[in-house]
Amino acid sequence: MNLNDIQTRCDRVPFFRHLGFSVTEANDTHFLASMPFEERHIGNPMLETYHGGIIASFMEALASLTVLDDMASPPPKPINLTVDYLRPGLPGTLNTRATVSRKGRRMASVETVAWLEDEAKPVAKGLFHFLLV
Amino acid sequence: MSDAKDSERFAMIANIWNSRAKGLIAEMGLIIERADPQGVQIRMPFNPDFCLDEEGTMLHGGVLTALLDSSFGLSNFLAINDVQTMATLDLRVDYLRPASSRADVIVFAECYRQTRHIAFGSGKVWFDTGDRAEVARGSAAFALTRGKGGLLEKLNTRGPGG
């Protein structure tokens with residue numbers, strides 16, 4: 001997939017602009033993206049860490065892009081999600097990799113992992129289901 | 001503690017939580033409608049920045065997830081007397097209907113079980129449209145540290161911008 005087409009699509013989604021991530025790698029099996037830390041992403045006002053919902057939203061946003069046939073396809077319908085929070089979401093650029101586990105005619109299942117500096121030390125992992133029809 | 005004192009304390013916790021909000025919670029412009037140990041009800045006004053489309057016809061599901069996560073935080077603070085810190089262990093959200101409304105979003109969240117180390121939360125989300133049809137349902141588990149000098153007390157003693 002063409003990164004420019006992906007970026008153009010992301011730029012048209014208000015909430016994706018709010019998150020402010022960019023996709024840096026995209027192929028048939030996985031997408032990679034990074035999101036700079038912003039004050040509007042803070043969850044804990046004392047520790048100034050990422051809001052858990054922002055981490056989940058970033059992972060969901062990237063997961064939803066990986067299941068598209070092409071960048072002109074309508075957005076998939078999210079069915080549900082599970083997020084495992086593994087480490088504190090300290091301020092810093094957050095990276096996410098979304099991998100399609102299974103994509104059928106009606107349903108898709110996507111696994112995600114988010115990390116700050118070291119992919120081997122994930123901040124969160126996610127599992128997302130989408131309806132494609 | 002009398003009922004009146006309790007309700008004052010609950011109002012104070014809710015007020016600190018809201019007034020000291022930063023980042024996403026501040027962006028969401030939340031209005032607390034109910035706050036006690038049995039649950040919290042919070043209203044989120046429509047915000048076009050949280051939508052999937054420029055026309056603002058559909059909210060992104062992630063916003064509802066974030067709203068549930070935030071509400072679990074407040075309901076834990078109200079239900080657990082000596083909570084010092086808490087960390088979300090996991091979060092599960094089912095999207096039950098398309099989030100296609102420009103009405104305010106309302107969330108109800110409760111801490112329905114607490115142990116020394118863990119709290120369990122459950123919540124539901126609907127649009128303020130009259131039929132209260134559920135748009136999302138979520139549940140989460142939290143790791144707790146108990147003790148004196150909790151997060152809210154710290155927030156309360158720090159000055160604005162501190």
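Modeller: In this model, 32 residues of chain B are in contact with 29 residues of chain A, where contact means that the C-beta atoms of two residues, placed from the backbone, lie within 7 Å. On the side of chain B that touches chain A, α2 (24-27), α3 (61-79), β3 (83-95) and α4 (151-157) each supply at least two residues. Helices (H or I, at least four residues) and strands (E, at least two) are DSSP runs, numbered from the N terminus. The largest share of this side, nine residues, comes from β3(B). By class, the side of chain B that touches chain A has 15 nonpolar, seven polar and 10 charged residues. Here Ala, Val, Leu, Ile, Met, Phe, Trp, Tyr, Cys and Pro count as nonpolar, Asp, Glu, Lys and Arg as charged, and the others, Gly among them, as polar.

The model is predicted: local features need pLDDT of at least 70, side-chain atom pairs count only at pLDDT 80 or more, and totals for chains, interfaces and linings use all residues. Residues are numbered from 1 along each chain as its sequence is written, while chains are lettered from A and ligands numbered from 1 in the order in which they are written.

Strand β3(B) also pairs with chain A: five bridges join it to strand β5 (residues 77-85) of chain A, and the two run antiparallel. Two strands pair if DSSP finds at least two bridges between them. Within this pairing, Asp84(A) has Asp90(B) of β3(B) as its bridge partner.
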